[in-house]
Structures are given as structure tokens and as C-alpha cells.
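Me: Can we go through this one together, slowly? I'd like to ask things as they come to me.
Reply: Of course, ask away and we will take the topics one by one.

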Amino acid sequence: MVGKPYDCLANPLGAVRYSFENAVAFGADPSSLNGKDWGAVDLFRNTLLDQGSLSKVPVLSARNVGLLQPNMLVRFRGMIQDMLGNEFYAGAFKDGSLWRTNKYVDVSQYLMGSSPDMLIWERHLFYCVPIPGLNSWAEESTDVAISQPMGSTPEPREKRPRDENEAMREMDESLETSPGSKRMRNDSHPSHSQMEEAAALSTCGAGALPKTEADSFSCLVKIYDNSDSELRLNDVFEFVGVLTFGSECQADNDETMDGFSGELSVHMPPGKVPRLHCIIHRKLAVHDFVHGLPMEPKPQLIKEVRQSLLAHLTAILGNDTVAAHFVLLHLLSKVHARIEDFAVGKLSLNLTCFNKERASTFGNFLCSTVKELLPFTHKMLVTIDYLNKASFAPKKDYERNRLMTGVLQLPESSHVVIDETQLEAGTLNSDGVQNARLLTSLTEFQKLEYDFKYYKMDVVADVQLLILSEGKSNIMPADLVVPFRPSSEAAGGAVLAEALKAWRWYLVTVRSLPHSIDPDLQKVVENDLVYARQSKRSLTSQDFSRWLTMGRLVSLSLGETSLSLEHWQTVKELERLRGERLG
Amino acid sequence: MASDSSPPRFNYGASSPDDSYSSPIPNTMSSPSPGPRRGRRRSRSSTPVPNPSRFAATPSPAPMAATPSSSSEYGYDAGSSDQMYVWGTNISVQEVNAAILRFLRNFREGNVAADSLEEGKYMKELDRVLELEREWMDVDAADLYDYDQDLYNKMVRYPLEVLAIFEIVLMDIASSRNPLYEKHVQVRVFNLRNSTSMRMLNPSDIEKMVSLKGMIIRCSSIIPEIREAVFRCLVCGHYSDPVRVERGRIGEPTRCMKEECAAKDSMQLVHNRCSFTDKQIVRLQETPDEIPEGGTPHTVSLLMHDKLVDAGKPGDRVEITGVYRAMSIRVTPIHRTVKSLFKTFIDCLHIKKTSKSRMQTDDPVEVDNGFNRIEEDGTFDEAMVKKLKELSKQPDIYDRLTRSLAPNIWELEDVKRGLLCQLFGGNAVRLISGASFRGDINILLVGDPGTSKSQLLHYIHKLSPRGIYTSGRGSSAVGLTAYVTKDPETGETVLESGALVLSDKGICCIDEFDKMSDSARSMLHEVMEQQTVSVAKAGIIASLNARTSVLACANPSGSRYNPRLSVIDNIHLPPTLLSRFDLIYLILDKPDEQMDRRLAKHIVALHSEDPESMQQDVLDLHILTTYISYARKHIQPTLSDEAAEELTRGYVELRKRGNFPGSSKKVITATPRQIESLIRLSEALARIRFSESVEKHDVVEAFRLLEVAMQQSATDHSTGTIDMDLITTGVSASERMRRDNLASATRNIIMEKLQIGGPSMRLLEVLEELKKQTSVGEVHMSALRNAVGTLATEGIVVLQGDSLKRV
């Protein structure tokens, strides 16, 4: 890096300025630069992605937000919770004879007179929150990163914060909702009691989806040069950009706009909600959260991992092999296409015959296992009281001009365990009825209705739903209803960290494999369906859809990309076993 | 020269950030006053003085008493060498001035010869403004475009300047017509050619005229904004001249103007002598249909002045025309340093409410009843209309629309055709005598569970104008019609509309019709034929319009349809209500291998990797709704002679089918209600083709649709013929004949065996006797009881318990 007149990591704005001046010097017309990049993004992309120094960029999180300096380069992984439209700013202006830019800053670094040569540019505002339900094992570690850039610009203050940070991290660790997870990863031999402890802890937090301190943290991301069409609500992104705590003036309430106090700076004080002027952003998918073990998806390996995962699930479910199979298929499901109202590929699972007692043993084991396997998980304990009080869907608050989040505003591929075992007879108020309706439509269509007061808007979702209930759930008509028949006590057994990693990798990899059905087999399947319907009139298109989804998942679970007759037979066998249980 | 049209100082500079801080838009000023006036020809190359802003440039056209008016007065006579330009452009003020004048004077609607003696549209309009002493005049931008495209473009590009000139010209003309007219007339432009999407607003739109559609979500309270301030000296009590707002600020006089006093810093504002105007900030949000998937709605702030204040309420859908502005944010009110941020808002010029439904069936409600402009409806722009017309020309449009209707529900082609007719609707006719015939088509779907009836209902609900969806189980009579409540705020009793009234001119979808309570159902009788809801409750007696089509669906009472019973027995609906449905479809789940195979194919295709391939050639929802709403609005088909003839012939033939040769049995196969239904259906079919006249083949198709529906629901299973009595009375003619036979046979037996006043006879014995007679066939006890009941009413027998007595 020696010899470069800028340092992307330590002084990002310097680098921006440098590239801007360069561009202007090479004859770029500043007025044509609106919404375009003049090379700054390439510069950063080059340094961060290609030269691999991305890991040196500190991660912005609730814990270290107090320690980061303004104007430093940070990265932030979050979900777009709300879109706040666009903002116009003086993009470039002439300072004397020199063009200056205000890109990536809140307040001009130079004194801006009322220069006539000023260009108004726009940027888009996104309100981002940490990914809801992100499990601790999937978090990006922050400790390495924070010391790195500081090291290059030594400051007297530097040492203390780091110690503080360390201390805080330790504290956090002990307060972690499931300490079992950490230990499991670290010493790889968690005892049975530890597992139980973890399970117990996760139940006390249940009722509401976990809302810890960290979740109230949020960040206002300003995106440049991009039409907001590629960033969608509830998408998970990694943003790299310049951090500011915005000196957005307090004297904002000027005469013209005093009709509304709902301006940004009032409800999002820059001290609490840091601003991030995004230079590079990239969309994250689930596999970005599963670290390590980049294995080749060899068929043999996949089958082995599948076997061990299935064995583990069976053990957890008290030797109920059938249920374990269905759980595995359920964990692999995702919405892969939408045709009209129909979400193809969803496979919600309702395990019935769960009473309170079973829920506290098997249910908790299952929850904690899911938590270990998938990056974004939630648990929801549905009671009458909870249905009446919680806000499930996001609601627009026009006073503040913000979309207030609801517990079901979740990114793609979230997993929610819904525990209905504590549901008792009671009266639902209108909110409760509404909430129950939302759950129903989420299970049926994978859509959530956002409340914009004057109208409702359906927003598509892709949430895996696992429902535990005593009888068939009435609120949530799941695709699969499987009566749970354990034959022994739940046995978690010791889980090796390596095994856990392999399972995570397996779920993520296999889930995203392509899939097809050969024309020959299509014929077979068609005949089977026709035959089935001839013999049993009550079969509906939903049943057929479920069979085909299961067929897809069975072949994916074996690492294969096209349906074979054998898989189809497995599906029919599973359905038969399920039918027997349903009686 | 006394011409007073002091032109604005056009030092226009979009780039100076601090200029926008002053009072809002010029042309919304209402109280003209003799303000400080500038020399009229000075602005040309004046250096951009740190901007006095175009607001300051507000033309302050004083009531120009006694200004003799001739065109040269404001013509900036061509001889004058120094042309004025709008600052930073090559737009000549004089040219614009002349162009506007030409437009106002000469624009006439229609193809009136230019030299016609009639006055121009806007001259007439101006007269009306003067007469009514209004403060604004609406100008249709489409007129402007037709007359002078160049001027239109200039206006859109430089609205502030052009509108300022516009008003000057207008005021000049006004003063020439009525020298004493004191009010300032604003120009309100509406109906721009291109309506921008809120999402597309970007820096290049700043200071341009834009037109947006959206929904009002918040209105601020009304803010009084100072226009002119009056100060008083605390020392001597001298009142200053009114001080006008300059750049959003009032220059407080530093010393008393009275020469004798001249005290320093003694002036104090006198509130009640200042003049104020109303101002309001309104927030507009994108309408749901403009939001792309995965986005949240954008909002934009609007600034309303004077008459526009409170013109819209939260929840209203409006189309506004205004000037997009950006305003820099000061760090503090005192400091001149500005932040690099801008606030944007739209200075509103005109607001127009649009109706709430997706398919516009009503004329949009206008905010101000300006002049004739209701003709145009913004939703159908020319390109769209052209596209729709092209679509309608296609020979297979009927099939194509049928395919596009709920494409994910396969089969049920004829049901979909019926629903399509319902969406398009027939013509409502109101005779001079007061009799009216509904144009709405009512449809009932009866069928086995799991045959996607509800899905169809939901789909129609989404598609239809003002669709209301209710479930029979959850609806009460008042919920459907109207109810009286106390207003929580005022405590007055108010009439609240129920579902049927709310879906006036729309489709009311009622699911689980059979589960509806009888009282609720009885309300439907009036709605479905008279199309009104009459209420007499708590001192309110009213008849509300409910011109709604009813789409209902019902499950057979025994969960599965029993083909041996009639429709009435299957769904337990009163025949009176049933006969009000134009079409009754039975959707039965028949074991049909062909259909199962198609279903299987569909699902397999759905799940194989390539979902696009199965998308048939269907119209998307948006096109479909526009197509339907255009047809409903613009196409009013009438019966052609040929079609009318076919209708009569077909009806007679249908009636004839009830007469079996050589039999006295008469079955009613069609009633006058059917002929009305047929007319409606054929009108709807003509509408589908965008045809103004109903052709013969429409009638033929209508007969087919009716027959398909009747065949399913009104077929007498014992004879296999259509029998309307099944629907009108619930009893088929053959059944009735059987009953008659039984009754007469019973009578014969009684006549034979019993004497008047003699011993009684048990029913079982009668049954035995009947069974001996071959002519009656199988007889059940219940049938016998019915027969005896009939005889009892005739006064022949008395039934006591199980024994019969002749009297």
C-alpha cells in the first residue's frame, strides 16, 4: 500500500476525495456524475474484495458503536426494515475554482458558500436493523476487526476502549440466551445438563421473539448511485461504508415544515442511530452465514452427513424415525417459485400430540437443535394473551413516518417454531383475531399483510414454520400434519462441533441445489396422481402439491438434482406412514 | 406608460441553495397589494443578486384602476429593443406573454373556426370568475397543449416564471373587463399530459411542474402565514406601512418612520393588523398499485395554500399538480451556512380527488366544481385506450379474457364466462315511467367443498370495482344493509352503510351464503331486484342505492351435493331468493379421469423447474381491470333488430320445450325473469367485444350460458328436462303431478271405504290400499301424509293422530 496517496481503510473519505479530484482532473463533468460512480467504488471494491482486506474493516454492532470513530470505514450486516425514500443533497459544488463533493458525508467538509455552481444529487435512505433471530454462531466476529485499523493510526484513547470491549463481550457471552451453543462450539463435548439448561433458557425468553438489547440497535444506511429497486424490504445485506453520527442539525424544525415533527433527526437521533454512507453493498444469503468447511458436495459425503443428521434428529425426537424424516424435509424447504398466489416449495410442518410436558422436553430439544442448525431462528409461544397483545405484522406509523416492525417481519429463510401447546380457551380481541388471521395467511400463502392504515399490502415471505400442538392446529393450516410418536426419552447425545458444522453446511448447500423432473418420470407421477385421485376423491391439489414438494426435497436431501422413481416411492411410503398415524 | 404589469425579476437559479427559503409560491398569493414595484425593464442581465427569489418576484398586480386596455398595453411592443429573458434560459418574457395572451383569447373547444365570433373558452371562463368573484381560474393543460405545445413545454419546464406571467396577463385582461375587480386571480393548472410516479422524482425534476397520484396520509393543522406585517412605534404610536414578506422574512423597521419621532428600535409588530393566509402541509403517499414488489411506499410533502387547504382528507386518493421544490436546510435559523441536505416538497397548484376503486366506475369527485372538465378521466390515457381497442378487435378476445380470469383455477370454463359477464354487466335501464331494470347480473355458485369456489370469489373480489367480500356466517342483516349508530364525536345518530350499500356499482361477494341467517337473507330480496336498501330505524327513514351485483356461493346442506334432490332442497334457500339469480352454477366434483389428468399435469408442471413455460397467454391483472372498467364506462351496447328477433325466437322455443306433445303436462322452462337475464347477458357479451350493438351471436351465446347454468341447476332429475318451477317454487312439475295423482288416488280410496260420520281408518291401511293400486307406484308414508293434508284442506277428511275420518 505504500506509495498510494490514500488509504481506503483508515481514511475512506480521503480516498473518495482523491478519486473525485482525479476524475474531475481527467475531464469528467461533475454535472454528469449524478447517480454515477467516478471510480471510488471500484477503488474500494478493489482494495476490500480483491485484496481481501474486508475482514480488517470493523463490524458495526450494538456493542461497539460507542467505540467507533466517525468517518471511519465500517461494515454492517443487517436487514432492511424500512425504506425512507430518497434525500437530496448538494452533491458537488465549486469551492473557488475547485470542484468538491459531498458524497458519503452528512455535512460538507468545506465551507459551502452559496455557490451558484452547485449540483443536487440524490441518495436513498434505508433503515436497517440487525438480522432478527440471528443465532450467535452465525454472527460475524467483531474482535479482530476493531483493532486493525486503529493500529495504523495510533491514538492514546485506543487501548482502553478495546479492553472495555473485551469485558463487554465477556459479559455478553454469559448473558447469551443459549450458552450451550458457545460451549458446544468451544469444547465440543456439552453434557446433557448443559443442553437442558440451554433449552430451559430459551423457554423463559419465549412468548415474544427474543428482543434483547442488541435488537434495538439500528442503523440508517444511505445508498448512493443505485435505484432502490435492487434493494428490497426484508433483504439482508452487508453494507460497507463511512460511519457518521450525523451532526444533523437540531434546529431542523424550520418554519415551512413545522407541520410535522416527524423528521428524521427527531425520531432517529444520530447518537442512537448511526448513519452509514454505503460505498459497497452486497446481498447476503443464508450460506454467507455458515462459516468454514467449504466442502465439495460429493454424493457420498452428502449421504453420510444426511445419515448422521437424521440419526441425531431421530434421537432428539425419541426414536420417532418418521417424524425425523419429516423434520429433515421441512428444514430443507424453501419457496422456490411463486405462481399467482401459490408459493411453490413451502412445507410447513405441524407436529401434533404435543402436550405441555412433551413440549418442555422434546419441544425444547427440537428448538435448540434447529437453533444450532439454521442461522435465523425464532420461537413463538402462542397464548391467547400473546395473540391479543403482540403486533405480528409491521404497521405504518404516520405520525413518525416509519414502518413499525412486527414480530413476523423476518428475512428470507427464517425459521419459526410456533408452540401452541400452552394455548387455552379464551377470548380473542380484534387484534388477536387479526393476528391469528396473519398466521393463517402466512402458512397458506407465505405472505404477510403489512398494515398501512388506509390499506393493507401483502408482502411475500419465505418463512419455515414448525408448529407444535396437541391436536391439529386450527390457526395454522400446515402442509404436513404429523402425529408425534416417541418411543423413548429424548436423547440429545453429545454433538461434535465438527458434526454441527457439517450439518449446517449440508442444510445450506443442499437447499440451494437446482431440481428438475424428467419428462419420463413426470408421466409416472401424473399417472400416480390420477390413480390416487380416482381411488380417493377427497385428495385435493394441495395434497398433490405437497407430494411433489416432498419429492423434490427427498431428492435434494440426497444431493441429487432430479427426481427418481425411488425418491417418489419414498414420498409415497412416508405419506402412507403418516396416513396410518392420522388414522 | 402606466402599464402596471411589473414582470417578475427572473433571476432564476436552481442552483442557489438558499433562495428557496422564502414565502411559498407566488401564484398562490391571494391578497394583492401595492407592493414596492420594480422598474419593468431592468431584469435582463442583472447579475444574480443573491436571490430575492422568484417569490419576491411575485407579481404584485395592483388593481389597475382605469388602465385602458388594449393588447399593446401588455404587448411589450415589438419595437422595444431590449428583450427580457427568463434568467438562465432563452425564454423571452415577451414571447411567452404574447403566447399566453393568444391562448386565452383564441382557444376554443372543439373545431370552431378560428374567426368565429364566439369568445374563447377561457375568456368566458374569466367572465365567470369575475362574476363569481373567485380567486382562481382553472386551466386545463391539455387545452394548452393542443393550442401551443411550445408554451406548454415552457410552462412545465419553468412553471414559476410562466405562471407569474400568466397571472399578469390574466390580471390585465381582468382589469380591462372589470376595472374594479380587486381580487387576484390565480392560475391553477391541471391535467398535465404526463403524470409522474412519486418514485421517479429526482433532482432533475426540481423547479418543474409535476403531476402525481397518491393518497393523502396526513394533514397538518392550518398554519396562518403572515403576508404583510404592520408595526407600531412604541414611542409615538405611529403605524408603519404594511411590510411585505420578503424571502420568508419580514424586515422589521429599525427606526420609526415618523420624522418627528425617529426613535430607534421602537417598532413592535401589531398582530391584528397584519394579514395572514392559510397554509397547510399535507403528506402524500404512493398508492399501493405503484409500489414495486419488495418496496415500501414513498411519501412526499405538499404545501397547500388558501383554498386548497383542507381540500383533501387523510385517506383520499388524489391527483395533484404542482411545482417540485427543494429547500436547503439551515443549520440554525440565524446562520447563513447551510447543510448539504435538501428538503423537498411540492407546491400544490391543483388537487383532484380520484375515486377509490381500482376500476373507476364513477366520475371522479371534483374538489371544486370548476367548469366542464369531468369528461376526461386520467386513468385512460391514449396509449392505453389504443391498446385496449386493439385487444378488443382480436377475434378470440372472449376466450382470452376467460383464460385470464383466475388462471390458476383450471376448468370451470363456463362458470368463468358467467363471471366475466357479471364483471362487464348489462345496461341498467330507467324508463320515463319510473320503472327501472337492473343491469347487474347475479350469480350463485353451488358446489361441493374443495372446488375452489371461494378462490373464485376472492379473485372476483380483487378484480371488481368496489368489491366487498363477506362471509354469510359472519354477516348480519344490518351489517349487509345499513345500521344506525351514534357518532362517537358528535353524539348524533348517523346511518352507516353496510356491505351491500358500500358495494354500490360493484360486486358484493358473499361466501357461505347458505349459512346466512334468514333475516339477513331476506334483506337481499329487495337489493337483488329493486337495487335499493330501505331503512326505517331510529327516526331515519331512507332508501339507499345498492346497485350491486351479488356473487354468492353456497355449500350443499349435506356437505356433498345430492343429485337426486333439487337445488332448493340441497341448499335450503327460499325459492323466491333463488329465482333472483340470473345464473346458478353447480360446481360438482365428478370423478372424471380427464379432469384429474389435467390437474395432475398442472401440478407437476407447477413443481418442475420451469414455471414460466406454463404461463399461458393471459392478460395481467392490471390490463384486465382497465379493460373491464373502460368497457363499463364507455360502452353502452343496445340490442340490434336481428338480436331482438333472435331473443324472441329463442325464448318462445324455450317455452315450447315445456309442452310435451300429446300430454297435458305443462312445464315452465323459462320465465320473464329469464328473458331479462338473457338481455343482460347478451349486453355484457357485446361489451366484452367493445361493441355498441348486441349482435345475434351474443344472444346465441347468452342462451348457451343460461342453458348451461339451468341445465345444472334446474333440471328435473326424474324427467331430464329443464323446469323453472324447480327454482321458482322448489317443486318440479313432474313432482307436482305425482302429488296430484297420489291425492286423487287417496281420495278415491277414502270415497270408497269410508262413510260420512262412519268409523275411522288408519293411515297404514290406506297405504296398504294404495300399494295395491299399480297406477301410483312406490308410495311413502310422508307422501301420503302430504296427500291427506291436501284432502283435509279440501274438507273431505279429518286427520286425528293416525286415523282418518270422513266428514
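Me: What span should the twelve residues of helix α3 (residues 121-132) of chain B have, and how far apart are its end C-alpha atoms?
Reply: Keep in mind that this is a predicted model. At 1.5 Å a residue, the twelve residues of α3(B) should span 16 Å, and since the C-alpha atoms at its ends are 17 Å apart, the two values agree.

Me: ok, and which residues of α3(B) are buried?
Reply: The buried ones in α3(B) are Lys121(B), Tyr122(B), Glu125(B), Leu126(B) and Val129(B). Looking down the axis of α3(B), you find its buried residues within an arc of 130°, so they line one face of the helix. As background, an α-helix has 3.6 residues a turn, so residues three or four places apart point the same way.

Me: What do those buried residues of α3(B) pack against?
Reply: They pack against three elements of chain B, namely α2 (93-106), β1 (136-140) and α6 (159-177). Just after α3(B) comes Glu133(B), which takes a positive phi of about 55°.

Me: Which other residues have a positive phi without being glycine?
Reply: Gln446(A) is one of them, with a phi near 55°, and Phe690(B) is another, with a phi near 60°. For context, most residues other than glycine have a negative phi.

Me: Where do those two sit?
Reply: Gln446(A) is in the loop between α12 (430-445) and β14 (447-451) of chain A, while Phe690(B) is in the loop between α19 (672-688) and β24 (693-694) of chain B.

Me: And is Gln446(A) buried or exposed?
Reply: Gln446(A) counts as buried, because it has 23 C-beta neighbours inside 10 Å and the cut-off for being buried is 20 or more. Phe690(B), with 18 other C-beta atoms within 10 Å, is partly exposed.

Me: Switching to sheets: in what order do the five strands of the open sheet in chain B come?
Reply: The order is β15-β18-β21-β14-β22, and the pairing is parallel. At the edges stand β15 (468-471) and β22 (583-587) of chain B, each with a single partner strand, so one side of each has no neighbour in the sheet. On average, and ignoring direction, neighbouring strands of this sheet are turned by 15° against each other.

Me: How many bridges join β14(B) to β22(B)?
Reply: Strand β14 (residues 443-447) of chain B is joined to β22(B) by five bridges, and the two run parallel. In this pairing Ile443(B) stands opposite Leu583(B) in β22(B).

Me: Which helix lies across those strands?
Reply: That is helix α10 (residues 453-463) of chain B, which lies across β14, β15, β18 (507-511), β21 (549-554) and β22 of chain B and runs at about 155° to β18(B).

Me: What about chain A, which five strands form an open sheet there?
Reply: In chain A the order is β10-β13-β16-β9-β17, again with parallel pairing. Its edge strands are β10 (377-381) and β17 (480-483), each with a single partner strand, so one side of each is left without a neighbour in the sheet.

Me: Last one: which residues touch the most other members of the largest nonpolar core?
Reply: Of its 136 residues, those are Val74(A), Phe126(A), Val221(A), Leu276(A), Leu349(A), Ile418(A) and Leu507(A). Not counting residues up to four places away in sequence, Leu276(A) touches several residues, including Leu60(A), Val74(A), Phe76(A) and Val221(A). Apart from this core lies another, of 75 residues, among them Leu423(B), Leu578(B), Leu583(B) and Ile628(B).

Key
Residues numbered from 1 in each chain as written. Chains lettered and ligands numbered in written order. Predicted model: local features only at pLDDT ≥ 70, side-chain atom pairs only at ≥ 80, totals over all residues. Helix = DSSP H or I, 4+ residues; strand = E, 2+ residues; numbered from the N terminus. Expected span 1.5 Å × (residues − 1). Buried ≥ 20, exposed ≤ 12 C-beta atoms within 10 Å, placed from the backbone. Arc of directions from axis to C-beta. Contact = placed C-beta atoms within 7 Å. Pairing = 2+ DSSP bridges. Axes fitted to C-alpha atoms, helices over the stretch in contact; angles between N-to-C directions. Core = buried A, V, L, I, M, F, W, Y, C linked by C-beta atoms within 7 Å.
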